[in-house]
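Biologist: I would like to learn how to read the features of a protein model, one after another. Could we take the case on the screen and go through it slowly?

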Amino acid sequence: MTRVVVVGSINMDLVTLSPRFVGPGETILGERFVTVPGGKGANQAVAAARLGAEVALVGALGDDGFGQQLRDGLAREGVQLDHVRQIADCGSGTASITVAGGENQIIVVPAANARVTPAQVEQAQAVIARADAVLVQMEIPLESVEATLRLGQRWGVPVILNPAPAQKLPEAWLKLARYVTPNQHELAILLGADEHEDFHELMRRAPCPVVLTRGAEGAWYSDHSEPAHQPGFKIDVVDTTGAGDTFNAALATFLREGLPVAVRKACAAAALSVSRLGAQGGMPHAKELETWLARQG
């Protein structure tokens, strides 16, 4: 069984389905409202667990009703929570999401996620040291992202950096990542470049290997070589929330099978995830992914 450690955020997603996105000062009637467990860290942990990995999560929850619901949900998915802190006098992270026409708009309030510290990451070094892959995103403090990258290097464990929400990072940090997994917009921000520049050139300029997601087009990937393309899979889109998290989780889970295989499975898992509502609600299980991929030929 692949061992994956995820260092990242845990949120409650407050999801509104709407006929369209609202404009400034406008009020319209929505179609449906649901609360759904989310946060990039929790999403990736759940997706990896469903795909068959042994998963440990490093993160923080508030001492509130959302915090207990989120902890209980992660436990039911089989995610190890020994390194998830519950912080008194602090709320759990939330994401307010509007879904319209198969696309989404998201506002994230970090709350407890902002209290994930480098010291907490260091305390998890025993599970990180024996991991096959580590996933980290940027919804937690950047110093904790750096601590994760350095700990992975210390123990020779590949760290996959999902640079979202994107901002420019020091080149020295990027060199510590085994792979970065941006879209074109995120890669340009990461490198301090023009997002309209040819993405192949951006990938070549990156100081570490890149797996670039391109939505329905699939993904491009390089491992100190010319970028190669994995086409996307056609599927009816219901909700794109969580597709990137599913992609990253699958990449980490199947990385031991080689990068081309891992990217293909990641594209397939992400495609399945957008066919259903909710970030975690659409994430496939290992058998489902295997059966669906077999049908694709």
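Biologist: Which residue in β4 stands opposite R3?

Modeller: This is a predicted model, and in it the residue that stands opposite R3 is E54 in β4. The pairing it belongs to joins β1 to strand β4, residues 54–62, through five bridges, and the two strands run parallel.

Biologist: With which other strand does β1 pair in the parallel sense, and over how many bridges?

Modeller: β1 pairs in that sense with strand β8, residues 133–136, over four bridges, and within β8 it is V136 that stands opposite V7. As a general idea to keep in mind while looking at strands, the side chains in a regular strand alternate between the two faces of the sheet.

Biologist: Why can β1 be called largely enclosed by the rest of the structure?

Modeller: A residue is called buried when its relative accessible area is under 20%. In strand β1, residues 3–7, four of the five residues are buried, and therefore the strand is largely enclosed by the rest of the structure.

Biologist: How many residues of helix α1 are buried?

Modeller: In helix α1, residues 40–50, eleven of the eleven residues are buried, so this helix too is largely enclosed by the rest of the structure. Among the buried residues are K40, N43, Q44 and R50, along with A42, A45 and V46. Just after α1 comes G52, which takes a positive phi of about 105 degrees.

Biologist: Where is S18, and is this residue buried or exposed?

Modeller: S18 lies in the loop between β2 (11–17) and β3 (32–38), and with a relative accessible area of 8% it is buried. A polar atom of the S18 side chain lies 2.5 Å from the backbone oxygen of R20. If we leave aside its neighbours within four places in sequence, S18 is in contact with I28, E31, T98, V99 and A100.

Biologist: Which residues touch the most other members of the largest nonpolar core?

Modeller: That core has 49 residues, and L57 and V263 are the ones that touch the most other members. Its largest share, ten residues, comes from helix α10, residues 259–273. Apart from its neighbours within four places in sequence, L57 has contacts that include V6, I10, L74 and V84, as well as G41, A42 and A45. There is also a second, separate core of 43 residues, which includes A56, L149, L191 and M203.

Key
Residues numbered from 1 in each chain as written. Predicted model: local features only at pLDDT ≥ 70, side-chain atom pairs only at ≥ 80, totals over all residues. Heavy atoms only, no water. Buried < 20%, exposed > 50% of the residue type's maximum accessible area, 1.4 Å probe, protein only. Pairing = 2+ DSSP bridges. Polar contact = N/O pair within 3.5 Å; in protein donor to acceptor, adjacent residues only side chain to side chain. Contact = heavy atoms within 4.5 Å. Core = buried A, V, L, I, M, F, W, Y, C linked by side-chain atoms within 4.5 Å.
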